[in-house]
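Visitor: I would like to know how the labels attached to a model follow from its values. Please take me through some of them.

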Amino acid sequence: MKYCIDLCRDHKIKGLIPNTFLLNNVLHAWSQSDDPNSGESAEALLLDMEKQFDEEGKFEMKPNTKTYVSVLVAWGRSKSPEKAKRAKIILDRMDTVSVAESRNKMKNENVCKTVPCYNFVINAAAFTDETIPIDQRMEAFDVATATLEELLQSNKLKPDSNSFALYIKACGKLALPSHIVQPAMEKAFNTCKQLGLDSEYVLNQLHYARKIIQEQNEAITTLKFD
């Protein structure tokens, strides 16, 4: 919202009224930004849009699926160690706003989860910084696992090959103990094969993840004997 006000002031634009179309373009810019706080900034704008729609009845500020997708992508590009968890919260909000109607919240039929929405959350987990403390990396892995499982259990949506490829990527990139990630990775790949989704992209990520896990195991063995 501040962006629109500043735009009007700096360029002396009269009659520029913030609306979903305009702010979705701002959110898209955040989703493509390398700003380390892109996730926080995008989410703050989303929450302001939700508030104006829910509490003030401003239908011109009504978020839609594109609004939430841009925030998910922004969190994926964020440098925050909590990016996966925060992206999952946004994904869950899409359910809340699309089905719930209460005294202070209006139902938003313009919001609908899609398979890419789930994939964006798994992607955020896969690109969580592998140098952060292990408990935060474990949290990202748990988010990826829960997100893939939720998609597998969905009555409306089914995972695609990207869902499995990104999950397998997360298993390799998060640098977690092999006894945790390897069984999960192999289980996901077996499910992927059963569904006929084992694409070249999936196989490449599996090869990469197995290589990373093997190198980690060899490094641990070397340390034990040094």
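Visitor: Why is Ser38 called buried?

Guide: This is a predicted model, and in it Ser38 has a relative accessible area of 0%. Buried means under 20%, so Ser38 is buried.

Visitor: Where is the place of Ser38, and which residues does Ser38 touch?

Guide: Ser38 sits in helix α3. Leaving aside residues up to four places away in sequence, Ser38 touches Trp30, Ser33, Ala74, Arg77 and Ser78. Contact means heavy atoms within 4.5 Å.

Visitor: What makes the pair of Ser38 and Ala74 a polar contact?

Guide: A polar atom of the Ser38 side chain lies 3.2 Å from the backbone oxygen of Ala74. The cut-off for such a pair is within 3.5 Å, so the pair meets the distance condition.

Visitor: How do you know what span is expected for α3?

Guide: Helix α3 covers residues 38-54, which is 17 residues. The expected span is 1.5 Å times one less than the number of residues, and for α3 this comes to 24 Å. From first C-alpha to last, α3 reaches 24 Å, close to the expected value.

Visitor: Which residues of α3 are buried?

Guide: Among them are Ser38, Gly39, Ala42, Leu45, Leu46, Met49 and Phe53. The buried set also includes Glu43, Glu50, Gln52 and Asp54.

Visitor: How many helices and strands are in the protein, and what share of its residues counts as buried?

Guide: The protein has 10 helices and zero strands. Of its 226 residues, 43% count as buried.

Notes:
Residues numbered from 1 in each chain as written. Predicted model: local features only at pLDDT ≥ 70, side-chain atom pairs only at ≥ 80, totals over all residues. Heavy atoms only, no water. Helix = DSSP H or I, 4+ residues; strand = E, 2+ residues; numbered from the N terminus. Buried < 20%, exposed > 50% of the residue type's maximum accessible area, 1.4 Å probe, protein only. Polar contact = N/O pair within 3.5 Å; in protein donor to acceptor, adjacent residues only side chain to side chain.
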